[in-house]
Amino acid sequence: MNARDPNAKLGFIGQSIVRREDTRFLTGVGQYTDDIHLSQQSYGVFVRSPHAHARITKLDVAAAAAAPGVLGVYTGEHFKDIGGLPCGWLINNIDGTPMKEPKHPVLAFGKVRYVGDRVALIVAETLEQAKAARDMVEVDYDVLPAVIDIGNVTATGAAVHDEAPDNQCYLWHIGDKEGTDEAFQHAAHVTTLTFRNNRLAPNAIEPRAANAAWNPSDDSYTLYVANQNPHVERLLMCAFVLGIPEHKMRVVAPDVGGGFGSKIFLYGEETALVWASKQVRRPIKWVAERSEAFLSDAHGRDHLTTAELAMDKDGHFLGFRVNTTANLGAYLSTFASAVPTILYATLLAGQYKTPKISCTVKSVFTNTAPVDAYRGAGRPEATYTVERMVETAAHELGIDPAELRRRNFITTFPYATPVGLTYDTGDYEATMSRAIELADVAGFAARKAESEAKGMKRGLGYSAYIEACGIAPSAVAGALGARAGLFEAGEVRVHPTGKVTVFTGSHSHGQGHETTFAQVVADKLGIPLEDITIEHGDTGKILFGMGTYGSRSLAVGGTAIVKALDKVIAKGKKIAAHLLEAADTDIEFENGVFKVAGTDKSVPFANVSLTAYVPHNFPHDKLEPGLNENAFYDPSNFTYPAGTYICEVEVDPATGVVRVDRFTACDDFGNVINPMIVEGQVHGGLAQGIGQALLENCTYDVDSGQLLTGSYMDYAMPRADNFPHFVVETVKGTPCTHNPLGVKGCGEAGAIGSPPAVINAICDALKVKDVPMPATPHTVWKTIHNMQ
Amino acid sequence: MPLLSLTVNGKAVQREVAPNTLLVEFIREHLRLTGTHTGCDTGQCGACTVHLDGRAVKACSMLATQAAGRQLTTIEGLASATGDLHPMQTAFNQCHGLQCGFCTPGMVMSAIDLVQHHDCSSEAKIREGLEGNMCRCTGYQNIVKAVAQAAEATKALA
């Protein structure tokens, strides 16, 4: 570990500084939502639908309401006249009409649409009393046929929503359809595959939780919630649902135990809690049980795709045609519509100069939990589509998979893809060649022979991913249907003594911002790390924020801080010029000292800050006192992290068990602030991606719509012994060209790049064209024996 | 309600508890020691792991009254009175063995038991020993590294 002396002053950027936030987590004094206990605390539980699709014919809460300790029982009746939970992204159909946007009620009214749908909220003095009363709620259901199979959403004749009788939310297209069709006519070879991108449960180990309090003194609310973007949560809840004035609502996302996307969204649970807290005039806490989390957290992925890749005789890609059906679940979650479109199809160029691409996406409603962004969000599905196709094509053409990729790599930048993005920079050969070295591809044949001697099969698979991170230029996002801006805000408050509090709209729920962001500030201001505090996650403290997702925190949130720091330094120079009796333009700032260029006259940062707040000798005619600056940063482009992953598996043909023997990840994240934290992000992403490929699957019974994988007994969560020691390296890389730190983002790469590498390796081992995810022993065994 | 007497982090504690109170509820709700977490309903995730008489147990899977007369140590009781971290806590910090921190208390308590009572001589053995604790953030690699480092440190002390 390259732990630096924390008292050292300069050169924090690029160092593996151990995390400052660790101590509170390691000693048990972190404050997660469930740890917050308010005066007069009461407890909420939800009655949930046991059916995938049913009419509520009777809902009698009288007995529950009269039960001991019960403070209130609330149903869809109470919410029927207020707004539903909004969807933040409008997608238009090919014919220009808007997507179907049926109401997503806070509590179900008249009908339930998935197992786990919220039917009633019970508030009681104790959790035990709330649960006891829950059993007294009488609900009669008229069960309807369920829509589960996305391959055939009209099979049962049922409509999840009356507004969408064919269960289609939208039919969307991107790219050049005619041009792509034309390219296929000149193809020497076409590779075709149909596959499912399996449905996943995010499974942050901290379940979703909320604690809502109404303050009678000024008719305001405070909501503590396990959430990744408290300002967005506040805006959506106030402006679109409850009509609470935004200045009367404070949302605090305290320590949050992992998010992975699932805590971006505005959910009905916390919305109901906020509303009910005024009814019962008490704070109400709700913490999801794990089984509730499986039923009601927004799931991820769940695409069914057919892709065709047209090539010339030398394997140059000519055209790529993709048809995807995406499951949105029963209701449109906050960013659900954008995931299989804007965040998916725009990445279908991958690292390749495919001249013509056409992608059609049909998104459907089903009687399953809502599906939304989960680590990678659309980009893992795109990478899986591209990288499974490329590898399959290589095998069909008899070309080495690395060589086929190299033949098609984009090598000149900026590069405008046929699907709407412009890659600013990259060096795909650098990560490919380094990954090949690190993975010892040269030694694969010998290892394969060893495996075969033992009766085992060994395979090697590549994946060369690209992702679009740092979302997003607001104007571009808006043109594509976003109903929000996607900038970030930061504030640098310099205290009189030169200590600094930085307020950021990004939110850390494991990413280590309290360390990484402080490294940036320490270097810019030339002050020690311990003079800096990073504050996040509280709308009462932070001016605004769009939050953390899409690997955007440092690229967007970090840049906002840098811009605020630049303003602090600019003002500091003017104060220093006054103190040093020099011209503003002659002042330089370096290593925490303002000095007159070419002289030995100088004044340290803390003297300037003191002067700003004790302005006895101060240029009052030119400046206001104080040293506090904020900045908003709206990026001019996405960032484009990319890399090559290589997986080597050994498969036991007798049992179908796949063992990942080696996994190598070589990434280009541009500049890196803290290599230790970046590596840790990749490790975590790899575990989720390999988990998707081998273990995890949300399974609904296709007839009843019951979730069959509703606990850790049934859903295969990755554990420590499912993985080898990952070899992870970040190349020196190509810095992002359009943010001052040159950073691209690293949070999702592991989950994006790894699934196709694993499946490609298994296909190589078994010499088969496809193995469905997750490649469980049973599935692999059936593949070996050529069974459906 | 039965009166429960036990030692918690070195101090004698007496509380009335309902007989159906889980140990994890007792720790979190009665004692307000919120470092011990609940991550699942089925005894799988290990976030609630504490030490009872020096051995790791999942506090969601036993009743509070079963801890009567015993020595309970939670994550809050690991560091010394002067604030010096336990070698396992130090190793987790140095090796970046935690991200969101939610599984961390249980992971650290399990890891200490693992080092004290089981074979940690190889990465494979450590990985197998951590089977009962889930982490969604780290991919386990740096947890394994931390446990190996703490095991070395413990060996050096012995």
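Predicted model: local features only at pLDDT ≥ 70, side-chain atom pairs only at ≥ 80, totals over all residues.
In chain A, helix α15 (residues 553-580) lies across β19, β20 and β25, running at about 140° to β25(A). Helix α14 (residues 513-525) of chain A lies across β20 and β21, at about 135° to β21(A). These strands belong to an open sheet of four, ordered β21-β20-β19-β25 (chain A), with mixed pairing. Its edges are β21 (532-536) and β25 (628-633) of chain A, each of which pairs on one side only. On average, neighbouring strands of the sheet are turned by 15° against each other, direction ignored. Within the sheet, β19 (residues 488-494) and β20 (residues 500-504) of chain A pair in the antiparallel sense over five bridges; G490(A) stands opposite T504(A) in β20(A).

**The pockets**

| Pocket | Volume | Lining by class |
|---|---|---|
| Largest | about 1,100 Å³ | 16 nonpolar, nine polar, 15 charged residues |

The largest pocket is lined by 40 residues, and L127(A), K131(A), E289(A), E25(B) and E29(B) lie nearest its centre. At least two lining residues come from each of β1 (42-48), α4 (127-134), β12 (284-287) and α8 (290-296) of chain A, and likewise from α1 (23-30) of chain B. The element giving the most to this lining is α1(B), with five residues.

For the second largest pocket, the lining comprises 24 residues, of which R196(A), N198(A), N697(A), T699(A) and M773(A) lie nearest the centre. Strand β8 (residues 189-200) of chain A gives the most to that lining, with five residues.

Notes
Residues numbered from 1 in each chain as written. Chains lettered and ligands numbered in written order. Heavy atoms only, no water. Pairing = 2+ DSSP bridges. Axes fitted to C-alpha atoms, helices over the stretch in contact; angles between N-to-C directions. Contact = heavy atoms within 4.5 Å. 1 Å grid on protein atoms, 1.4 Å probe; cavity = no way out; pocket = protein on both sides within 12 Å on 5 of 7 lines; lining within 4 Å. Points joined across faces, edges and corners; volume = space filled by probe spheres on them. Nonpolar A, V, L, I, M, F, W, Y, C, P; charged D, E, K, R; others polar.
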